[in-house]
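Thanks for coming. Please have a look at the picture first.

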Amino acid sequence: MADLDLKCNFQDRAKTILTAEKKLVQITGTAMFPDDIAPDFPTLSGGTVTVFGEERRIEQGTKNRNPDGTVNFCTLEVI
């Protein structure tokens, strides 16, 4: 668990998907952060983020890598 105060590029969007458990999830936004926001963690998952004063649950996280394996930016899909 990490408690960070960061700036991000946030894009609102709405998309409904069907998970393996047959559960509908409304994705409401994508937060993109430069570099590796959690270098001590191999993956990004769980938790919450606060964007524009609204707390959102992290549904999925991605560490987007350069060809040399370093992390270029991180993406969090939130609902």
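Is Phe10 buried or exposed? Keep in mind that this is a predicted model. Phe10 is buried, and its relative accessible area is 11%.

The structure holds 1 aromatic pair. Phe10 and Phe52 make up the pair, and the arrangement is edge-to-face, with 6.3 Å from centre to centre and 85° between the planes. Phe10 sits in strand S1, residues 9-18, while Phe52 is in the loop between strand S3 (48-51) and strand S4 (54-65), so the pair ties together parts that are 42 residues apart in sequence. Phe52 is exposed, at a relative accessible area of 75%, whereas Phe10 is buried.

Thr30 belongs to strand S2. With a relative accessibility of 9%, Thr30 counts as buried. Which residues does Thr30 touch, if we skip those up to four places away in sequence? They are Asn9, Phe10, Gln11 and Arg13, and then Thr75, Leu76 and Glu77. With Glu77 there is also a polar contact, side chain to side chain, at 3.1 Å.

That brings us to strand S5. S2 and S5 run antiparallel and are joined by 6 bridges. S4 pairs with S5 as well, also in the antiparallel sense, over 7 bridges. S4 and S5 form a hairpin, with 5 residues between them. In the turn, Gly69 has a positive phi of about 95°.

How many of the 8 residues of S5 are buried? The number is 6, so to speak a strand that is mostly covered.

As a general point, nonpolar side chains in soluble globular proteins tend to be buried together. Here the largest nonpolar core has 13 residues, and those that touch the most other members are Phe33, Ile37, Leu44, Val49, Cys74, Leu76 and Val78. Strands S2 (24-34), S3 and S5 (71-78) are the elements that give two or more residues to this core. S5 gives the most, with 4 residues.

Take Val49 from that list. Leaving out neighbours within four places in sequence, Val49 is in contact with Leu76 and Val78, and also with Glu54, Glu55, Arg56 and Ile58.

Cys74 is buried, with a relative accessible area of 0%. Cys8, on the other hand, is partly exposed, at 32%.

How many disulfides does a search of the whole structure find? It finds 0. For comparison, the cut-off for a disulfide is 2.5 Å between the sulfur atoms.

Terms used:
Residues are numbered from 1 along each chain as its sequence is written. This is a predicted model: local features need pLDDT of at least 70, side-chain atom pairs count only at pLDDT 80 or more; totals for chains, interfaces and linings use all residues. Side-chain values use heavy atoms; hydrogens and water are left out. Buried means under 20% relative accessible area, exposed over 50%, partly exposed in between (1.4 Å probe, protein chains only). Rings of Phe, Tyr and Trp (its six-membered ring) pair if their centres lie within 6.5 Å; planes under 30 degrees apart count as stacked, over 60 as edge-to-face and the rest as tilted. A nonpolar core is a set of buried Ala, Val, Leu, Ile, Met, Phe, Trp, Tyr and Cys residues joined through side-chain atoms within 4.5 Å. Contact means heavy atoms within 4.5 Å. A polar contact is a pair of N or O atoms within 3.5 Å; within protein, one must be able to donate a hydrogen and the other to accept it, and residues adjacent in sequence count only if both atoms are side-chain atoms. Two strands pair if DSSP finds at least two bridges between them.
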